[in-house]
Amino acid sequence: MPLFFRKKKPSDDARKRLEYQMCLAKEAGADDILDISKCELSEVPYGAFATCKVLQKKVLIIHTNSLTSLVPKSCSLQSLITVKVLDLHDNQLASLPADIGQLTSLQVLNLERNLLKCLPQSIGDLAQLQMLNVKGNKLKELPATVSGLRSLRTLDISENMLQELPRVLAHVRTLETLILDASSMSYPSPDICSAGTESIQQFLCKECGIAYYPPSQYLLPVLENDGGGTSVDGVDRAVHKYLEEESEWQNKFLDYEKRKEKKMQEKLEFERRLNMGQREHALLVQQINTQKDEILQTVREDQMRLEEGLTKHQRYLEEERLKLLQQLKQAEQGIARRIQKLLEDNQRQKQSADILKSLENERIRMEQLMAITQEETEHLRRREVASAMQQMLAESYKNKLIQMTYESRRQDLVNQACSSLAEMDQKFQQILAWQQLDQNKAVSQILQQIEMQKAAFEALQVKKDLMHRQIRNQIKLIETELLQLTQLELKRQELDTETLQ
């Protein structure tokens, strides 16, 4: 289990509602009510206590929040000395301040649906309290000091853990309405509790040994204190003159408050325009980011298409290279066959030379045998040699032609391969140049958009700083006027005191 918990921050709507209610309570002609309910508060703000103290508010409403304590740090309950109605229902209060009895003007105290386990002893000092609502808590008993609530008219203790009522409750003679869970009570009995408030009070008075009288006989002083006022009859001329001056001063004060309200409205309008500008800037940034993402996606798609085309082209070049190698291999095989044929022809020529040599030997032998003359022999030998030489020249010329044809064919194939490779390299370089150009273009567009966004952000920041400076100046002016107003209020109170004296 973690030892520390981070406080939940109020939402923007709750914060704005709190600011609006605080400003509304300080306006000229505002009533005596300070309503800061439903503001998601975890503690009462210091400004609420200060406002109640300075403006002498009579009604303080703080219901439907998340309060765990009533008095914040560096504050005192003396600031709420003029409060008559205190509404704290639907919070998370586990206890009340021990000095709650200092609120001597308090007439209504609503603590419904909290986490209270007990009430402080000083609650009996609230002599003016007429209504006490502690419904929906965790109370197990009421303190004996409730007998000091001499003006209490309504008491709601239902939906608690109470089973017994204190006998001293019989001394609260003004109690008209007592709400409790009759079925869960053990003292008084459920039958008496079901019979109503009068029956319960009669039983408690009997237990205490005092006589019971209806609350109507004790309510007249309470009602007089609640609704009584001062009469202006019998006031002398000096008092009337002071009242006229007071009325004139009040008119000036109302004019000042109207001007202050107008400035406050202008401030709210300025904040509204500032919020609209911030929303427009956020929308612009979102649009720019969306466009940037679309451009990057387009660049990625183009790059993927170029890579696919490059892959296909490389595959095509590889196939062409394989075909060319196959053709070169076939050409080399053909050349090898031709060389083999030439070797075979040379072999046959050697065999022909051997045959000629053997024939020559045979001829010599035959010449010797046949005794042919020298001239005839020479003539025959020359003729045979000439025919053999002619045949050899024809064979060598034929071999030379075959070799020249092979060389020319091989040179043509090499030239074709070189030209095809050069053309492929040129196309590949052109594709790379196009891709580089597209990338440079996309990068330049992105940089241009970033510069535009930066310029817009700087302009908006300058505008925002100017607005903040104006707001600070207006706040300083308002603080000065509030200080003057406080001094005037103090002077008015001194004049009131002097007049009453």
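1. A contact here means heavy atoms within 4.5 Å. By that criterion, and leaving aside residues up to four places away in sequence, Asn137 touches Leu111, Glu112, Arg113, Asn114, Leu115, Leu116, Glu159 and Asn160. The model under discussion is predicted.

2. Asn137 sits in the loop that runs between strand E5 (131-133) and strand E6 (154-156). Its relative accessible area is 6%, and Asn137 is therefore classed as buried, the cut-off being under 20%. Asn137 and Ile157 are separated by 20 residues in sequence, while their C-alpha atoms lie 8.4 Å apart in space.

3. The average pLDDT of the protein is 83, and 89% of the residues score at least 70. Over residues 1-5, however, pLDDT stays under 50, and the model shows zero contacts there beyond four places in sequence. Residues 227-243 also have a pLDDT below 50, yet this stretch has seven contacts in the model beyond near neighbours in sequence. Where pLDDT is low, the predicted coordinates should not be read in detail.

4. Ile355, Leu356 and Leu359 make a nonpolar surface patch of about 270 Å². Leu359 belongs to helix H6, which comprises residues 237-370. Because its relative accessibility is 47%, Leu359 counts as partly exposed.

5. An unreviewed UniProt entry carries the annotation "coiled-coil region" for residues 325-376 and 468-498. In the model, residues 468-498 are 100% helix and 0% strand. The end C-alpha atoms of residues 468-498 are 45 Å apart.

Key
Residues are numbered from 1 along each chain as its sequence is written. This is a predicted model: local features need pLDDT of at least 70, side-chain atom pairs count only at pLDDT 80 or more; totals for chains, interfaces and linings use all residues. Side-chain values use heavy atoms; hydrogens and water are left out. UniProt positions are given in the numbering used here, feature names are shortened, and annotations may be inferred rather than shown by experiment. Helices (H or I, at least four residues) and strands (E, at least two) are DSSP runs, numbered from the N terminus. Patches are made of residues with over 30% relative accessible area and no salt bridge: like charges are joined within 9 Å, nonpolar side chains (Val, Leu, Ile, Met, Phe, Trp, Tyr) within 5 Å. Accessible areas come from the Shrake-Rupley method with a 1.4 Å probe; for residues, only the protein chains shown count as cover. A salt bridge is a side-chain nitrogen of Lys or Arg within 4 Å of a carboxyl oxygen of Asp or Glu. Buried means under 20% relative accessible area, exposed over 50%, partly exposed in between (1.4 Å probe, protein chains only). pLDDT is the predictor's confidence in each residue, from 0 to 100.
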